[in-house]
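Please read it alongside the sequence and the structure.

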Amino acid sequence: LFRSRTVGATLGVESIKQTQFAGILAMIAISIFMFAIYKIPGLIADVVLAIYGFLVLASLSLVGSTLTLPGIAGFILTLGMAVDANVITFERIKEELAKGYSIDDAVEKGFENGLPAIIDGNLTTLLIAAVLFSFGTGPVRGFAVTLSLGVMITMLTAIFITKLFMHFVISTFHIKKEKLFWGGIKDGKFESNTL
């Protein structure tokens, strides 16, 4: 049922390098996806994801955690959760724009309406990470630590930093609601098609 495998130092280093490369590739693919689907909010999400990545790595360094293979897996998982939080919020903003709200009101209501789903998903993951940390050993605990830090930083970036950037970009560049997403609003209806 349980298997144990010992690998040499060279193979272990190679696995970590491949996983790091996969993480970088994932961030690039996510950045392209977010822009292709969400236009200006997608670009904002890309910037915030870069900040998220920096904050997670800085936090791991601060607590003295080394980035092992399970730790990198935890980082990539929380990266997906950060994207999910942005997707939930952006879809809520689209819904509010379709109802006819102004761009500022739509952003406020979008974040407000997306918040319960984001908190529920992240708190559930934190509970799982706590169980893994309590009953796990070695690599499992490393995964749990990375997962916990990533989830807490996801909530910070998704709830506060993305919202701050959205308001800043909209007010600084005087973006109209018709130009915020691909498709925009035409004839009183929100066209949600991409590109």
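1. Phe 75 is buried in this predicted model, its relative accessible area being 10%. Tyr 52 is likewise assigned to the buried class, with a relative accessible area of 0%. Both values fall under the 20% limit for burial.

2. A search of the whole structure returns 4 aromatic pairs. In one of these, the rings of Phe 35 and Trp 182 have centres 5.4 Å apart and planes at 75°, so the arrangement is edge-to-face. Phe 35 belongs to helix H1 (residues 9–62), whereas Trp 182 lies in the loop between helix H5 (177–180) and strand S1 (185–186); the pair therefore ties together parts that are 147 residues apart in sequence. Phe 35 itself counts as partly exposed, at 32% relative accessibility.

3. Tyr 52 and Phe 75 also pair: their ring centres are 6.1 Å apart and their planes are at 15°, so this pair is stacked. The angle is under the 30 degrees that a stacked pair requires. Tyr 52 lies in helix H1 and Phe 75 in helix H2 (residues 69–98), so parts 23 residues apart in sequence are tied together by the pair.

4. One aromatic cluster is formed by Tyr 38, Phe 90 and Phe 181. Lys 94 lies over the face of Phe 181, at 5.4 Å from the ring centre. Elsewhere, the ring of Phe 133 has the charged end of Arg 141 over it, 4.3 Å from the centre of that ring.

5. How do helices H3 and H4 cross? The axes of H3 (residues 103–135) and H4 (residues 139–172) come within 8 Å, and the crossing angle is roughly 175°. The two helices are therefore roughly antiparallel to each other. Classified by residue type, the contact of H3 with H4 comprises 21 nonpolar, 7 polar and 4 charged residues.

6. The largest nonpolar core contains 31 residues. Those with the most contacts inside this core are Met 34, Phe 90, Ile 93, Met 166, Leu 180 and Phe 181. Helices H1, H2, H3 and H4 each supply at least two residues of the core, and H1 gives the most, with 11 residues. As general background, nonpolar side chains in soluble globular proteins tend to be buried together.

7. Phe 90 and Phe 181 are members of the aromatic cluster with Tyr 38, and both are listed among the residues with the most contacts inside the largest nonpolar core.

How values were computed: Residues numbered from 1 in each chain as written. Predicted model: local features only at pLDDT ≥ 70, side-chain atom pairs only at ≥ 80, totals over all residues. Heavy atoms only, no water. Phe/Tyr/Trp six-rings, centres within 6.5 Å; stacked < 30°, edge-to-face > 60°. Helix = DSSP H or I, 4+ residues; strand = E, 2+ residues; numbered from the N terminus. Buried < 20%, exposed > 50% of the residue type's maximum accessible area, 1.4 Å probe, protein only. Lys NZ or Arg CZ within 6 Å of the ring centre and 35° of its normal. Axes fitted to C-alpha atoms, helices over the stretch in contact; angles between N-to-C directions. Parallel < 35°, antiparallel > 145°, perpendicular 65-115°, else oblique. Nonpolar A, V, L, I, M, F, W, Y, C, P; charged D, E, K, R; others polar. Core = buried A, V, L, I, M, F, W, Y, C linked by side-chain atoms within 4.5 Å.
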